[in-house]
Amino acid sequence: MSSTISRRDVLRAGTALAATAAVPAWAQAKPTIRFAAVFSDKDIRADMINMFAKDVEGSFKVEPFLNSTLFKQGTELVALQRDNLEMGNIAPQDISKQVPAWSILTSAYLFRDANHLNAFFASSLGAEMKKMAEDQVKVKILGPTFFGTRQVGLKPNKKINTPADMAGIKLRMPGGDAWQLLGRSLGANPTPMAYAEVYTGLQTGAIDGQDNPLPNVQNMKFYEVMSQIVLTSHLVGFDLLTVNLKTWSAMSPAQQKSFQAAADKAIAWSTAEHLKREKELADEFRKAGLQIYAPDQNAFRAHAQKVYLASDEAKAWPKGMLEKINALK
């Protein structure tokens, strides 16, 4: 084969190079979207992300980083804002630190259940709160990722029907003012304690109870050192599937539409799976000998919202928002 390069070859190569340069890098190769979250690969939400990744793989390559392997818990939002991360599962509490009005979305008994949560985010009220966050925090929120409802688990065999029955109960809560306020809103005596110490705390009587979604109760074996689970359903747990604004803005309108549709589909599947698992676990715990019952949730809701409305947090809430969310069907 001759090693001579003709003038025609040079011109042809130059033309090809010019044509390649004219095509934006975004269109030349599938962009990589790194997704960061605190949950493990055993979590239902890990399957949710895998489903989402498969649905968008024609245009994007999604790389999940779970178990806080890429960014520590609570730092993902800043990483998105600084263009150091393309996609994350963000706690609403992290947004409320930058947008105080958002603290309403972290308060007890705001959402009745997963359906109420989804109805809110699908409504004009949800659009208003999302736009507020997107304008001030500069990220795109795709939707809420429900991961279970927090229930009260107790060691003492004391019947709980109203917040008054919680008086004197040492209820373990995570550290931090917001969590202590949540404990007080239930009528309990909130006691800060590390998550890893809760089992021993229940065993020794250092605490009387804890609050967690049922999957957490199973994972940490808290049911072994409790006599009952009171289905207070005081906090519908959710995070937010969120995209870096630079990444979102670089997409075409058609790509944005299909990206959002894939997120909606995956979120709906994950929500259904979590609800199914909660029901299964309630049955399993009953069979294991625990008392499981619902108290007067209306009494708990009224008490909690009264406590929150009297707090400093409520001063930043949008006027009339609580009443509007309560009225949502």
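Q: In this predicted model, which residues does Leu 66 touch, not counting residues up to four places away in sequence?
A: Leu 66 belongs to the loop between β2 (61-65) and α4 (76-81). Leaving aside residues up to four places away in sequence, the residues that Leu 66 touches are Phe 35, Ala 37, Phe 39, Ser 40, Asp 41 and Ala 46.

Q: Is Leu 66 buried or exposed?
A: The cut-off for burial is a relative accessible area under 20%. Because Leu 66 has a relative accessibility of 16%, this residue counts as buried.

Q: What distance separates the C-alpha atoms of Leu 66 and Ala 302?
A: Along the chain, Leu 66 and Ala 302 are 236 residues apart.

Q: Which backbone oxygen does the side chain of Thr 106 reach?
A: Thr 106 is placed in the loop between α5 (92-98) and α6 (114-122), and with a relative accessible area of 13% this residue is buried. Not counting residues up to four places away in sequence, Thr 106 touches Pro 92, Gln 93, Ser 96 and Leu 235. At 2.8 Å, its side chain reaches the backbone oxygen of Ser 103.

Q: Which residues of the largest nonpolar core touch the most other members?
A: In soluble globular proteins, nonpolar side chains tend to be buried together. Here the largest nonpolar core holds 54 residues, and those touching the most other members are Ile 95, Trp 102, Leu 105, Phe 111 and Phe 120.

Q: How many residues make up the second, separate core?
A: Among the members of this second core are Phe 35, Ala 46, Val 243 and Ala 266. The number of residues in this separate core is 24.

Conventions: Residues are numbered from 1 along each chain as its sequence is written. This is a predicted model: local features need pLDDT of at least 70, side-chain atom pairs count only at pLDDT 80 or more; totals for chains, interfaces and linings use all residues. Side-chain values use heavy atoms; hydrogens and water are left out. Helices (H or I, at least four residues) and strands (E, at least two) are DSSP runs, numbered from the N terminus. Buried means under 20% relative accessible area, exposed over 50%, partly exposed in between (1.4 Å probe, protein chains only). A polar contact is a pair of N or O atoms within 3.5 Å; within protein, one must be able to donate a hydrogen and the other to accept it, and residues adjacent in sequence count only if both atoms are side-chain atoms. Contact means heavy atoms within 4.5 Å. A nonpolar core is a set of buried Ala, Val, Leu, Ile, Met, Phe, Trp, Tyr and Cys residues joined through side-chain atoms within 4.5 Å.
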